[in-house]
Amino acid sequence: MPRIPKILHYVFGMASDFGGKPWSLVHHVCLKSAVERIKPDQVFLYYEYEPTGRWWKLSRPLVTLVKIAAPREIFGRPLAHVAHRADVVRLQKLIDHGGIYLDADVLVQRSFDDLLDHATVLGLEGAGGEWGLANAVILAEPQAPFLKRWLAEYKTFRSKGRDEFWNEHSVHLPSQLARKFPNEITVLSHKAFYWPLWTDDHLKLVFESADEILQDDTYANHLWEAKAWRYLEDLTPGKVRSSDTNFHRWAAPLLREVPDDYGGPNLARRLEKAAKKGGVATYSVGRKVKNRTIKTLRKVKRLAMNPSNARRDIFSEIYDKKLWGSDQSSRFFSGVGSRGEAVDVYVSNIVKLIKQDAESLGRPVSVVDLGCGDFQVGQALVSQLPGITYIGCDIVPELIDYNRKAFGSSRIRFELLDIVSSELPKGDICLVRQVLQHLSNREIASFLERQSYAHLYITEGHPDHRTGTPNPDKLTGADVRFDWRTGKGRGVELDQAPFCCVAEEVCRTTAPPHEIIITSRVTVPSKAAQRQAQSK
């Protein structure tokens, strides 16, 4: 019996948008090539979000699906990018079970049987390994010593995304370990899995040229979909059969029984491509008209909704369209205000206050975080307050579902609710951080009247130059009341009309370019006291 079992492992769907590269013809072809040529005993595909579409429908019977919650950290170090989470998952699964890991864009050219009597097998990336040892193809026995060393080195992981450390642990590190522990690994030539490379001239050789690429030393070809997507997007079997290039010749035999037009782009995609061909100006005007029409229709639809559903739709759109920005890796992103120095100052001060409140109560406390968003701030708080029970709340269903799966535990839970109209969860301390600024005055007042927390801490952004009357009203949405670019206007001032609360400042910090972020301990007066304050 060989040391390496004939079990295939794939990792796909670590993000709900699949990185803009959904399961397509190329993935089906690569999977089918592995199944037909390696002839595995089992094929596992680990996913957090299951793929969809016609090509997935064709591929799904070829795999055994295993739903997972991808790791968000390793040895206490955050895994910010989904690609790095997938890097860790592949090592963990191979250590546990042994077998052959393949990226979904690896096209297998022949059997791997002659490689199965080794402990671990990797291939060089670039002639002489100029780029290192890549991890798109890994063969390993169960509990392989080399893989265990490799995973243990993630104690030094430091990449935050597509930075200078992007492939430090996936490509450079295994190369270094191979030099230190050569008896634990078999290193194959650069032609085994990773030739041609990802450079433009090499991609043209694969996808544009009919000049044959010699395959004598090749087991598989990594197709570098991140660089080659322009060639792979919207491919159909008909296009494959009608072209004479290296890739199309490799793919055609694996699509024999699939109709020419199978999996082609839908009407909207075809119109978009046609507009692009019509010229930049035509395309730009078309997109502007389309966007204005969509916005108008969405507003009309919201008028027919009850107010709570309309708010849910508004904030769901904010995350879907990334109106608060993106870090290029996170499934949900609550804006730059949920990261950086301003958060560090906030967390430091709130941790002290929660500890004081817990001490005064003489017991562990429960903290309700209304508008928990992507949990970046909540996670920082929980990590420093191991004794608390945390309840994160938000109005976006997909966000709450994601947080539950990714972060939920015996002391961390997430609830779907609308702070304006839903029943609020019970708790000792309530945190509301830069949430009210996105609501209308009427909605803010509704929340303040309905909450009954003994300790209420509210954080809001303010311009560094206050101009105009306090608390100008606004429609619910992604924007705020003041112009953060110039630092002029007014934010939500809870101690002013129409709210007239008692707001005791507990900390403040700044955010570029012109924002002051203030956290206050807030006491909401009775309606009678509120009316009296407003009359003054």
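In the predicted model, Phe207 belongs to helix α6, which spans residues 200-207. The relative accessibility of Phe207 is 5%, and the residue therefore counts as buried, the cut-off for this class being under 20%. Beyond its neighbours within four places in sequence, Phe207 makes contact with Leu223, Ala228, Tyr231, Leu232, Thr245, Phe247 and His248.

For helix α3 (residues 82-97) and helix α4 (residues 145-152), the angle is about 145° and the axes are 10 Å apart. The crossing of α3 and α4 is left-handed. On the α3 side, the contact is made by Val88, Leu91, Gln92, Leu94 and Ile95, which meet Leu147, Lys148, Trp150 and Leu151 of α4. By residue class, the contact of α3 with α4 comprises 7 nonpolar residues, 1 polar residue and 1 charged residue.

The strands considered next belong to an open sheet. This sheet contains 7 strands with mixed pairing, in the order β15-β14-β13-β16-β17-β21-β20. The edge positions are taken by β15 and β20; each has a single partner strand, so one side of each is left without a neighbour in the sheet. From one strand to the next, the twist averages 20°. Within the sheet, β13 and β14 run parallel and are joined by 5 bridges, with Val368 opposite Ile391 in β14. Strand β20 (residues 502-511), by contrast, pairs with strand β21 (residues 515-523) in the antiparallel sense, over 9 bridges. These two strands, β20 and β21, form a hairpin with 3 residues between them, and Ala511 stands opposite Glu515 in β21.

Helix α14 (residues 376-384) contains the buried residues Val377, Gly378, Leu381 and Val382. Viewed down the axis of α14, the buried residues fall within an arc of 130°, and they therefore line one face of the helix. In general, an α-helix has 3.6 residues a turn, so residues three or four places apart point the same way. The cover over the buried residues of α14 includes helix α13 (341-361) together with strands β13 (366-370), β14 (389-394), β15 (412-416) and β16 (429-433). The strands β13, β14, β15 and β16 are also members of the open sheet described above.

Methods:
Residues numbered from 1 in each chain as written. Predicted model: local features only at pLDDT ≥ 70, side-chain atom pairs only at ≥ 80, totals over all residues. Heavy atoms only, no water. Axes fitted to C-alpha atoms, helices over the stretch in contact; angles between N-to-C directions. Helix = DSSP H or I, 4+ residues; strand = E, 2+ residues; numbered from the N terminus. Left-handed = near helix turned anticlockwise from the far one by under 90°. Contact = heavy atoms within 4.5 Å. Nonpolar A, V, L, I, M, F, W, Y, C, P; charged D, E, K, R; others polar. Pairing = 2+ DSSP bridges. Buried < 20%, exposed > 50% of the residue type's maximum accessible area, 1.4 Å probe, protein only. Arc of directions from axis to C-beta.
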